[in-house]
Amino acid sequence: MWTTSIALPVSNIESQDAAGFVQEDRDYQSGIPANVLDATRNDVLLANSSGYTADVIMEIEAAAYGGQGYFIDEATGDVYDIRRTFRKNYSNRIQLTGELREHGKI
């Protein structure tokens, strides 16, 4: 049973406005079912030693993930940078360890 959903970026469309400035429009694949997992002690220690914090771990189907650098939690609207991915042997699911992105940071 899935507990929440996330959105992953799939493309970046660049266009120019009338003044010639480049505008970026991102397209997202939304509604990807996900489970929120508890960060274990090992996850927290690995994150701290690598210089980031493990704010959330999302588990999704591995086929939906294509190496993106961040995801959006659709329940809260928060953006998380993906700092670590983990896939168990012979599993169809992948775990994304996310660090909460500061507001206004691209």
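Buried means under 20% relative accessible area, exposed means over 50%, and partly exposed lies in between, using a 1.4 Å probe and protein chains only. At 15% relative accessibility, Arg-101 therefore counts as buried.

This is a predicted model, in which local features need pLDDT of at least 70 and side-chain atom pairs count only at pLDDT 80 or more, while totals for chains, interfaces and linings use all residues. Residues are numbered from 1 along each chain as its sequence is written, and side-chain values use heavy atoms, with hydrogens and water left out.

**The barrel**

Six strands make the fold described here. They form a closed barrel of 6 strands in the order β1-β2-β3-β6-β5-β4, with antiparallel pairing. Neighbouring strands of this sheet are turned by 50° against each other on average, direction ignored. Such angles use axes that are lines fitted to C-alpha atoms, for helices over the stretch in contact, and run from 0 to 180 degrees between N-to-C directions. Strands (E, at least two residues) and helices (H or I, at least four) are DSSP runs, numbered from the N terminus. Two strands pair if DSSP finds at least two bridges between them.

Strand β3 covers residues 56-61, and strand β6 covers residues 93-100. The two run antiparallel and are joined by 6 bridges. Within this pairing, Ile-60 of the chain stands opposite Ile-94 in β6.

**Salt bridges**

A salt bridge is a side-chain nitrogen of Lys or Arg within 4 Å of a carboxyl oxygen of Asp or Glu. The whole structure holds 5 of them.

| Pair | N to O distance |
|---|---|
| Arg-93 and Glu-59 | 3.7 Å |
| Arg-101 and Asp-81 | 2.6 Å |
| Glu-99 and Arg-83 | 2.8 Å |

Take Arg-93 and Glu-59, whose side chains meet in a salt bridge. Arg-93 lies in strand β6 and Glu-59 in strand β3, so the pair ties together parts that are 34 residues apart in sequence. Arg-93 is partly exposed, at 32% relative accessibility. Glu-59 is buried, at 15%. Both residues also belong to a network of salt bridges that links Glu-59, Glu-61 and Arg-93.

Next come Arg-101 and Asp-81, which meet through their side chains. Arg-101 sits in the segment after β6, Asp-81 in strand β5 (residues 79-86), and the two are 20 residues apart. Asp-81 is buried, with 11% relative accessibility.

Glu-99 and Arg-83 also form a salt bridge. This pair links distant parts of the chain: Glu-99 is in strand β6 and Arg-83 in strand β5, 16 residues apart. Glu-99 counts as buried at 16% relative accessibility, whereas Arg-83 is partly exposed at 40%.
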